Amino acid sequence: MSAVSRISSLPHREFPSGREHPPLMDALGQVRCVGRRLRLHGARDPSPLGVLLQRLPAMLGRRLVFHEPGARDVSFDEAWLLNLLDAVRSADEDRYRFALLSRMPRDRASALHFLVCQAAHTLDTSR
């Protein structure tokens, strides 16, 4: 099941504090928070996810669309990025390669590979 399918199947509700959130929703929240901080403050974020989010727009040739933290909708860019990170975390090489190469040329994908893997494993250990 892909990251997009997993997110789509989650009920739209708030999770009470103290309960464990589904892992993909945690990743979505982290992506949105880091993206928002970068967009609003223009600051550099030295975390692997921050560096990835700073470089992705140049590699894709356009700005990424992220919703505000807590929003119920998931943008195409959010779903794509979560799918990409989930493919790394689950060691699904075919899905990872397809997701990455469906949005950028091979040379740009190669330049991002290390950052994507680093960000995915950082999210994996922060659960």
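Helix α2 gives the most residues to the lining of the second largest pocket, namely 4. Helices here are DSSP runs (H or I, at least four residues), numbered from the N terminus. The structure is a predicted model, in which local features need pLDDT of at least 70 and side-chain atom pairs count only at pLDDT 80 or more, while totals for chains, interfaces and linings use all residues. Residues are numbered from 1 along each chain as its sequence is written, and side-chain values use heavy atoms, with hydrogens and water left out.

The lining of this second largest pocket consists of Gly35, Arg36, Leu38, Arg39, Leu53, Gln54, Pro57, Arg63, Leu64, Val65 and Phe66. The elements that give two or more residues to that lining are α2 and α3. A pocket is found on a 1 Å grid over the protein atoms alone, as an open set of points where a 1.4 Å probe fits, with protein on both sides within 12 Å along at least five of seven lines, and a lining residue has an atom within 4 Å of a point. The volume of the second largest pocket is about 270 Å³, counted as the space filled by probe spheres set on the points.

Helix α2 spans residues 23–41 and also holds Arg32. Arg32 has a relative accessible area of 2% and is therefore buried, a word that stands for under 20%, whereas exposed stands for over 50% and partly exposed for what lies in between (1.4 Å probe, protein chains only). Not counting residues up to four places away in sequence, Arg32 touches His67, Glu68, Pro69, Gly70, Ala71, Asp73, Val74 and Glu78, where contact means heavy atoms within 4.5 Å.

Although Glu68 and Arg32 are 36 residues apart along the chain, their C-alpha atoms are separated by 6.4 Å. A polar atom of the Arg32 side chain lies 3.5 Å from the backbone oxygen of Glu68. Leaving aside neighbours within four places in sequence, Glu68 is in contact with Arg32, Arg36 and Arg39, and the side chains of Glu68 and Arg39 make a polar contact at 2.8 Å.

Of its 127 residues, 42% are buried.

Key: A polar contact is a pair of N or O atoms within 3.5 Å; within protein, one must be able to donate a hydrogen and the other to accept it, and residues adjacent in sequence count only if both atoms are side-chain atoms.
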